[in-house]
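Subject: A structure for you to explore

Hi there,

Here is the structure I promised to pass on to you. Have a look at it first, and then read my notes below.

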Amino acid sequence: MEKVRGQLKWIFQTKNEVLLQASVGSGAMESAIVNCFSAGDKVIAVKSGKFGERWADQAKAYGLQVLDLDVPWGEAVKVDDVENLLAANKDIKGVLCQACETSTGVYHPVEDLGKLVAKYSGCILLIDAITALGITEIKTDQWNLDVVITGSQKALMLPPGLSMISFSEKAMKHSLVAKLPRYYFDVKESLKAQGKNQTFFTPAISLIQGLRVSLGLMEEETLPKLFARHRKLAGATRAGVKAMGLELFSQSPSDSITAVVAPSELDGEKIVKHLQDKYNFTIIGGQDHLKGKIFRLGHMGYCGDFDVLGMIAALEMTLKDLGFKNELGQGVAAATKVLHGH
Ligand SMILES: *Cc1c(COP(=O)(O)O)cnc(C)c1O
């Protein structure tokens with residue numbers, strides 16, 4: 001525990017304690033809400049995809065007054081739109097946003113949101129960084145990110161079941177007056193236990209041991225190289241799919257996952273299934289109204305150059321098998337150039 005506590009501060013880039021919870025990521029999202037707010041509190045929820053919607057729904061389930069900031073799927077939130085809402089509603093207590101909206105592959109302007117919300121003393125910024133932390137720079141303290149959460153099964157390369165959450169001093173002040181009922185997720189009790197290298201409830205021992213190892217791998221790689229690797233893998237993936245004649249779905253593409261528009265004549269779900277069945281590559285389709293319209297290629301965590309090249313090659317073959325007019329090898333050539341760096 002002692003080792004992992006230090007490692008977590010390192011990866012979160014914070015001096016504050018990062019709490020471990022035995023829960024999936026959505027549990028950390030819920031923990032953030034119950035620890036920081038009271039029923040009736042007004043919050044802004046940035047809704048730019050499936051996970052933004054989830055956070056808004058959770059906040060509503062707990063009786064918060066949620067101002068939905070709907071952003072077209074595939075686009076990043078405009079900081080000006082958040083600023084206008086904050087200026088028009090002086091009593092807003094929190095802003096809920098993803099760093100990367102995994103359902104659309106969008107990266108939001110987290111640093112700028114931090115600068116903005118820091119100007120409002122009664123308002124905190126809560127960032128779901130489940131597919132950003134450990135992939136892209138997330139400077140928790142320096143960027144004034146009051147609550148940052150992540151889960152074990154994305155960038156941290158572990159099975160699901162463990163979540164992590166950090167609270168700034170400003171967020172801790174919120175928690176002192178927050179009246180939502182809480183027990184399992186009580187930050188005060190968890191902090192007390194963790195300060196003694198214990199957990200409030202039975203620790204998820206196997207996952208915490210795994211976390212010590214996966215964070216150790218990341219420490220060995222170092223943060224700059226970790227971020228550079230993901231940047232390169234994402235860049236190669238984007239170049240590869242564009243060279244095949246496909247279009248990116250996201251206007252602000254993340255380095256964790258690349259969302260691609262399925263060619264209009266092909267069903268995106270068929271592409272996903274064919275890649276799995278014939279080439280043994282697991283990718284994922286679109287959700288809700290994007291089902292069949294987009295597919296998403298992951299390149300976070302335990303992933304290297306040849307995983308991306310294999311994926312691009314298999315995608316080219318899949319498109320060809322399904323009757324798309326692409327020239328085999330063009331995607332691989334473009335991706336190879338990015339990976340090779342020349
Ligand atoms: C995966 C994910 C979640 C949900 O995590 P669970 O562990 O499935 O609850 C939440 N937010 C984002 C951005 C995610 O990518």
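Let me start with a question: does Asp 288 count as buried, partly exposed or exposed? At 41% relative accessibility, Asp 288 counts as partly exposed. Please keep in mind as you read on that this is a predicted model.

Most residues other than glycine have a negative phi. Asp 288 is not a glycine, yet its phi is positive, at about 50°. You can find Asp 288 in the loop between strand E12 (284–285) and strand E13 (294–298). Met 157 is another non-glycine residue with a positive phi, in this case about 65°. Met 157 sits in the loop between strand E8 (147–151) and strand E9 (163–167), and its relative accessibility of 26% makes it partly exposed.

Now to the ligand. A shell of 13 residues surrounds the ligand, and the closest are Ser 26, Thr 102, Asp 128, Gln 153 and Lys 154. By type, the shell divides into five nonpolar, five polar and three charged residues. Helix H2 (25–36) and helix H3 (50–61) each supply at least two residues of this shell, and H2 gives the largest share, three residues.

- A polar side-chain atom of Ser 26 is 2.5 Å from an oxygen atom of the ligand.
- In the side chain of Lys 154, an N or O atom lies 2.7 Å from a ligand oxygen atom.
- For Gly 25 the backbone takes part, with an N or O atom 2.8 Å from an oxygen atom of the ligand.

Taken alone, the ligand exposes 390 Å², and the protein buries 89% of that.

Next, the charged pairs. Side chains of opposite charge can pair when their charged atoms come close. The whole structure holds 17 salt bridges. One of them joins the side chains of Lys 42 and Asp 91, at 3.3 Å from N to O. Lys 42 is in strand E2 (residues 42–47), while Asp 91 is in the loop between helix H4 (79–88) and strand E4 (92–98), so this pair ties together parts that are 49 residues apart in sequence. Lys 42 counts as buried, at 13% relative accessibility, whereas Asp 91 is partly exposed, at 42%.

Lys 60 and Asp 68 form another salt bridge, with their closest N and O atoms 3.1 Å apart. Lys 60 is partly exposed at 37% relative accessibility, and Asp 68 is partly exposed at 32%.

In the salt bridge between Lys 192 and Glu 189, the closest N and O atoms are 3.6 Å apart. Both residues lie in helix H7, three residues apart, which is about one turn of the helix. Salt bridges that share partners also join Arg 5, Lys 9 and Glu 17 into one network.

Finally, here are two spots to look at away from these pairs. Tyr 183, Tyr 184 and Phe 201 make a nonpolar surface patch of about 340 Å². Within it, Tyr 184 belongs to the loop between helix H6 (169–177) and helix H7 (187–194) and is partly exposed, with a relative accessible area of 39%. Gly 245, in the loop between helix H9 (223–243) and strand E10 (247–248), is exposed at 55%. Gly 245 and Lys 325 are 80 residues apart in sequence, but 9.0 Å apart in space from C-alpha to C-alpha.

Enjoy exploring, and write back with any questions!

Best wishes

Notes
Residues numbered from 1 in each chain as written. Predicted model: local features only at pLDDT ≥ 70, side-chain atom pairs only at ≥ 80, totals over all residues. Heavy atoms only, no water. Near = heavy atom within 4 Å. Polar contact = N/O pair within 3.5 Å; in protein donor to acceptor, adjacent residues only side chain to side chain. Areas by Shrake-Rupley, 256 points an atom, 1.4 Å probe, with all protein chains shown as cover. Helix = DSSP H or I, 4+ residues; strand = E, 2+ residues; numbered from the N terminus. Nonpolar A, V, L, I, M, F, W, Y, C, P; charged D, E, K, R; others polar. Patch = residues over 30% accessible without salt bridge, like charges linked within 9 Å, V, L, I, M, F, W, Y side chains within 5 Å. Salt bridge = Lys/Arg side-chain N within 4 Å of Asp/Glu carboxyl O. Buried < 20%, exposed > 50% of the residue type's maximum accessible area, 1.4 Å probe, protein only.
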